[in-house]
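Trainee: Could we walk through this model together, starting with its charged pairs?

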Amino acid sequence: MKLIVFCLILVPCLAIPSEIQTDKATVELPDGAISCQIDSPTRDECIKEAIQDMIPNLQKGMDYLNIPPIDPYTVNGTTFEYKRGDIAATLNVKTVTFHGMSKAQIKDVRTKIDELGMSTEIDVFMPRIYAEGLYKATGKVNSFKINAKGTFNMTFKDTAITQKMKGVFETVDGERYLRIESYDIIPTIGDLKVQMTGIFPDPELNKLAVEFINQYWPFLYRDIIPETRKMWEPMLLEQINAFMLRLPFSKMLYYGDERKQN
């Protein structure tokens, strides 16, 4: 029953919030960043190219935007809770480091824009992500108590993620901004290998548990992401909007021959 620990660790590995910290000053896109024309028939292709073009620049981070390096990318800590039926568990994950994020490939972008706001779907493919960190989990499954603590590492291969976002426009001091109101992810993992300590005190039992996880992980994680969305979505929205509400929408997308703001 301690295999629920693995499922809970998988969630922050797929939906970990960014640690961007920003003040209230208006931000600018980096020199050379691509902006796109809203009413162009190739708008979505342009946005796809713009995102892909930015990824290498993010590998070492952007100090002036307080964006940390994405490869390796380190998260100091976060807490998740899972409650469903007879299962109740709390997971503390700390000092998690990700490798391979800069190899992300933007496969497709689909957008809808009207006078009220914008919705976006982005398909991302990551050939390989390696994550390692520390965890502590407590809770229960029926009458069986969970009390696990240790290290973990995970190797994700051929991970395809569809990110869905919806936002509404807000006008502040004559400038229009996009506030993201909902965020969701749909992951498909080609393969996953896990190593964990501390599931059971006995090394042989721990080894058997890890072997079970590596064999049956597709059946273990599928309902965890939607069930825990109420916890990770607010964190992601807070971090995304910390940036979006400082970047005028016209810096990213503009109409026709409209002059881009400096």
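Predicted model: local features only at pLDDT ≥ 70, side-chain atom pairs only at ≥ 80, totals over all residues.

Trainee: Which side chain meets Glu 121 in a salt bridge?

Mentor: A salt bridge here is a side-chain nitrogen of Lys or Arg within 4 Å of a carboxyl oxygen of Asp or Glu. Glu 121 sits in strand S5 and its partner in strand S4, 11 residues apart; strands are DSSP runs of E, at least two residues, and helices are runs of H or I, at least four, numbered from the N terminus. At 3.0 Å, N to O, the partner is Arg 110.

Trainee: Where does the salt bridge between Arg 110 and Asp 123 tie the chain together?

Mentor: The N to O distance for Arg 110 and Asp 123 is 2.8 Å. Arg 110 lies in strand S4 and Asp 123 in strand S5, so the bridge ties together parts 13 residues apart in sequence.

Trainee: Is Asp 123 buried or exposed?

Mentor: Buried means under 20% relative accessible area, exposed over 50%, and partly exposed in between (1.4 Å probe, protein chains only). Arg 110, at 30%, counts as partly exposed. Asp 123 has 18%, so that residue is buried.

Trainee: What is the N to O distance between Arg 179 and Glu 170?

Mentor: Both ends are partly exposed, Arg 179 at 31% and Glu 170 at 26%. Their side chains meet in a salt bridge at 2.5 Å.

Trainee: How many residues does the largest nonpolar core have?

Mentor: Such a core is a set of buried Ala, Val, Leu, Ile, Met, Phe, Trp, Tyr and Cys residues joined through side-chain atoms within 4.5 Å. Tyr 135 and Met 196 have the most contacts inside it. Its largest share, nine residues, comes from strand S5 (residues 117–141). The core's total is 58 residues.

Trainee: How far apart are the end C-alpha atoms of helix H2?

Mentor: The expected span is 1.5 Å times one less than the number of residues. With 16 residues (43–58), H2 should span 22 Å. Its buried residues include Cys 46, Ile 47 and Ala 50.

Conventions
Residues numbered from 1 in each chain as written. Heavy atoms only, no water.
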